[in-house]
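Let's go through this one together, a question at a time. Have a look at the structure, then see how you do.

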Amino acid sequence: MGMRLREELVEVAYFCGAPDRAVAAFSWMVAKHDANPEWNQYDLLWKYKWITEHFPFMHQIDAPTIERTLDDMQQRYERAGYDRRPVTNLRAWNAMWQGDADAARRHRADWWDRPRDGMADCRACEVSYNVQYHVEFGEPGQALTLAKDLLSRRLGCAEIPHITFGFLVWPLLEEGRAEEAQQVHSAGYELIRNNRDFVMEAGEHIAFAAHQGDLDGATSMFERHLPWVIDNPSWLKSGHLIAAGEGLMHALGAGGASRVSFRLPRQLAVALGEEAESVAAVEQWLRKRRLEIGAVFDARNGSDFVSRRLERVRQRAQGTTTATTA
């Protein structure tokens, strides 16, 4: 009963933006399974992918733990007779978010050529991963070619193209497909607007709207989703929304606004006190938080990838860049 309850908890926590609770429950499941190896391990191995997928975004997980966990995951897959295809992909995923482009490219190439079996991700997820790799590697044309079935909605699952549309708007702009980028933005935002797990994608959509000059729309989205960053365990994901908000505040200030026209979360309003209605004060708070998040992840990763990526989101929101690569 304890195992079944935690299986459900892991699933709910994973899909609703509470990965810290998923990790805690999953750790209990692993310990119990090791004590009772005769139990069915399929669900455990499948959910292992969910856990390690979130590691790059959680400041609580240090680099040695990430590597050690991926090694353990691979050993369990091999003992159970499954190919390491999903593990290799997650090595690429973690390496990319840690700023190790060489390792990410190497693992991505190995992953894409490996055989699929019953533990492989669905095709929509695999294509979405591959598209994002090309986006992050600065290859927008290749990314959009691969994304054809996602853009047409011929491929999809519970989280795809929700995630994919959030980052595809930028290569579409870069390739001169502005009208299509707007359509993808509108469709993508509707897919993610009600689930805190998509806080990073919300940040991308806010940045896009602001970048395109729709400051009212961006402000409305920012007001709706700013509470998602309060006490969010996925610091890096929430950092994207924070960076987008910072850029938006700068754009509003540059346009002559001095007072915010939206309601702040209570915790932020209390922290700002008498300056809670000041656009400049909100921008300053967001900047401080963005820099803090960047510094924490850069120290863990041994690279400035996260700081540069969040800075890119900020610049996009204030309308100063459309560059694809971090």
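Q: Are D197 and K237 buried or exposed?
A: Keep in mind that this is a predicted model, where local features need pLDDT of at least 70, side-chain atom pairs count only at pLDDT 80 or more, and totals for chains, interfaces and linings use all residues. Residues are numbered from 1 along each chain as its sequence is written, and side-chain values use heavy atoms, with hydrogens and water left out. Buried means under 20% relative accessible area, exposed over 50% and partly exposed in between, with a 1.4 Å probe and protein chains only. By that rule, D197 and K237 are both buried.

Q: How many residues apart are D197 and K237, which meet in a salt bridge?
A: Their side chains come to 3.5 Å, N to O, and a salt bridge needs a side-chain nitrogen of Lys or Arg within 4 Å of a carboxyl oxygen of Asp or Glu. D197 sits in the loop between α11 (178-192) and α12 (199-211), while K237 is in helix α14 (residues 235-254). Helices here are DSSP runs of H or I with at least four residues, strands are runs of E with at least two, and both are numbered from the N terminus. So the pair links distant parts of the chain, 40 residues apart.

Q: Which helix holds R290, the salt-bridge partner of E246?
A: The side chains of E246 and R290 meet at 2.5 Å, N to O. E246 is buried, with a relative accessible area of 1%, and R290 is buried too, at 8%. E246 lies in helix α14, so the pair ties together parts 44 residues apart in sequence, with R290 in helix α16 (residues 279-301).

Q: Is R287 buried or partly exposed?
A: R287 forms a salt bridge with E283 (3.0 Å, N to O). Being 4 residues apart in helix α16, the two are separated by about one helical turn. E283 is buried, with a relative accessible area of 11%. R287 has 31%, which makes this residue partly exposed.

Q: What is the radius of gyration of the chain?
A: This value is taken over C-alpha atoms, and the globule rule is 2.2 Å times the number of residues to the power 0.38. With 326 residues, a compact globule would come out near 20 Å. The chain agrees with that, at 20 Å.
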